[in-house]
Amino acid sequence: MTKTEQKICQNCKTFFVIEPEDFDFYKKMGVPPPTWCPECRLVRRLMWRNERSLYHGKCALCGTQSFSMYPKESDITAYCVGCWNSDKWDPLSFGIDYDFSKPFFEQFRDLFRGVPRKILQQISVSSSNFANYVDDSKNVFMSFSVVLGSENVFYSKNIDKGFTIYDSTDIIDSDNCYNNINGEKNYNSIFLINSKNCIDSAFLYDCVNCKNCFLSSNLRNKSFCIKNKQYSKEEYAEELKKQNFGSRGVMERILDEFQKMRISSLHKYAYLINCANVTGDEVRNSKNAKNTFVGYDFENVKNVFRSFSMKDSMDITNAAFSELFYEYMAGGGNYSRNIKFCINGMRGMDDVAYSDFCGSSSHLFGCIGLRNKEYCILNKQYTKEEYEALVPKIKEHMMAMPYVDAQGRVYAYGEFFPPELSPFAYNETIAQEYFPLTKAEAFEKGFRWRDPDTREYQPTQTPEALPDHITDVPDSITNEIIQCAHSSCTHQCTTAFRIIPEELQFYRRMNLPLPRLCPNCRHYERLAQRNPLRLWHRQCMCAKDSHGHTGTCPNEFETSYAPERPE
């Protein structure tokens, strides 16, 4: 049996451990062990996904104006979703012969610069021109990673089967919610964190199966509670009338009280629901999942983020309904198997490696944009016999002549795509959201940075001049350009924003004040309330004698709460 092995990360130079079961997985997938630690591998994948840095662009084929993932100065050829999905172009026409005199990643870079890419990543989507990485959903506006039949989703991220969701993050099967974070099966509720099965409630932390509750935490199966105190139905209604949610001043006071209450509440070491042998956070209905964050329905996985319904996989991000995935990033890749080192995978792939924007295909190596194809290398068609003879030689060549980036990092077969090949700068990608860097830090690590464009618009309304109460907001507010209240920040601030008519109707119906921050700044404020994608080994802090122990509880665990946290 292979023993545990300790290695030094090629990127950050820290030690990381490869377990015996990891070696078994690598053998099954036919790949060598990694040379980057799990966190560096995650960051490297995240640098290939730009969700919310959108620019004005147009389709390079039909000329249609659209939002685009790629700025004007990019050398990427981008097609609108309709043109990209059509038969107006042939990805095989960009095919190149494999050149054994150059590293593989140099050849892939040349192919990457030629083959058209989607201007936005959308699959089976309608009425969602201002959304990215959306699948099987409709009426999605300025929201990202929205899937599973979601509808009417605004300014949100990571929404699965959500309906009428505004300004929320990591939401599953919920309806009519505002400013929810990590929620499941909630209805008609605002400002809920780590709560599920809650109805007609507001400002709850870690509550389950609650109805008509306000400003409370750690409740289970309760109704008509305020600040964790029980009220009658009539008393609750009278008390709630005193809370004028429609006022910005009142809302800020309640939010401040909610934040203080949340810090003083009990905190479970990890948000794991119906899980067995799982480490990580925000995981549901899973078994044998290690170092896994934000997902559900896992079995035998490790180092996973924002995925669901995955089996026998490792080092994956944004994947679903598949098995045997390794070093995969973005696009779901639904109903696929045996996928290695791929980005933006679409449905129905089998035995695909080092490929991008491919789907309904099998036996591909180093391909981009192929659909309904098999036995292709660098977008060139081969026979089955030619393909099976050439791929092993390419792997040997990648080991003998690896790609070396500007920082001296070596990329042989078994490494994910080098970050310097990504079409995005570090701060354009979701790597900046979860592992933020300054411009100087990004340059020091050899990552690109993009300074924001000069804004062509001028605000017509300051946040201070907005009406305090939603009932005083005129219809004409939808014609204004509102200045973001952040004078300076690192949140990809757009400096100004608009209120669209559908949004204004929602605020009025829910009796909520207008926001004072742009959508990006609001998004980063929600991210700040989530725990990081890291684990620390800690001991339970409980010291109550009535809990089956004398003195401090001896139980130890992996938690995303760092030791210096105030909770």
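1. Aromatic pairs. The structure holds 56 aromatic pairs. Rings of Phe, Tyr and Trp (its six-membered ring) count as a pair if their centres lie within 6.5 Å; planes under 30 degrees apart are stacked, over 60 edge-to-face, and the rest tilted. One of them joins tyrosine 98 and phenylalanine 100, an edge-to-face pair at 4.8 Å centre to centre with 65° between the planes. Tyrosine 98 is buried at 10% relative accessibility, while phenylalanine 100 is partly exposed at 39%. Buried means under 20% relative accessible area, exposed over 50%, and partly exposed in between (1.4 Å probe, protein chains only).

2. Basis of the model. This is a predicted model: local features need pLDDT of at least 70, side-chain atom pairs count only at pLDDT 80 or more, and totals for chains, interfaces and linings use all residues. Residues are numbered from 1 along each chain as its sequence is written, and side-chain values use heavy atoms, with hydrogens and water left out.

3. Cysteines. Zero disulfides are present. A disulfide is a pair of cysteine sulfur atoms within 2.5 Å. Cysteine 40 is in no disulfide; its nearest cysteine sulfur, on cysteine 37, is 3.5 Å away. Cysteine 40 is buried, with a relative accessible area of 9%. Cysteine 540 is also in no disulfide; the nearest cysteine sulfur there belongs to cysteine 553, 3.9 Å away.

4. Rolling a probe the size of a water molecule over the atoms shows where empty space is left. On a 1 Å grid over the protein atoms alone, a cavity is a set of points where a 1.4 Å probe fits but cannot get out, and a pocket is an open set with protein on both sides within 12 Å along at least five of seven lines; lining residues have an atom within 4 Å of a point. Grid points are joined across faces, edges and corners, and a volume is the space filled by probe spheres set on the points. The largest pocket has about 1400 Å³ of space. Its lining has 41 residues; Leu54, Arg455, Tyr457, Cys493 and Thr494 lie nearest the centre. Strand S3 (55–58), strand S8 (130–147), strand S28 (496–497) and H11 each give two or more residues. Helices (H or I, at least four residues) and strands (E, at least two) are DSSP runs, numbered from the N terminus. S8 gives the largest share, three residues. By class, the lining has 19 nonpolar, twelve polar and ten charged residues. Ala, Val, Leu, Ile, Met, Phe, Trp, Tyr, Cys and Pro count as nonpolar, Asp, Glu, Lys and Arg as charged, and the others, Gly among them, as polar.

5. Second largest pocket. About 660 Å³ of space lies here. Of 25 lining residues, Pro38, Glu39, Asn291, Asn303 and Leu535 lie nearest the centre. At least two residues each come from strand S2 (15–18), helix H1 (20–29), helix H2 (38–46) and S19. S19 supplies the largest share, eight residues. The lining divides into twelve nonpolar, three polar and ten charged residues.

6. Cavities. There are four cavities of 30 Å³ or more. S19 gives the largest share, seven residues. Four lining residues of the largest cavity are nonpolar, four polar and five charged. The second largest cavity has a volume of about 70 Å³. Among its lining residues are Met47, Pro419, Phe424 and Arg448. That lining has six nonpolar, one polar and two charged residues.

7. Leucine 514. This residue sits in the loop between helix H10 (501–510) and helix H11 (519–527). Leucine 514 is buried, with a relative accessible area of 1%. Leaving aside neighbours within four places in sequence, its contacts include Arg248, Leu466, Ile470 and Tyr507. Contact means heavy atoms within 4.5 Å. Leucine 514 and glycine 246 are 268 residues apart in sequence and 8.6 Å apart in space, C-alpha to C-alpha.

8. Serine 264. Serine 264 lies in helix H6 (residues 248–264). It is exposed, at 61% relative accessibility.
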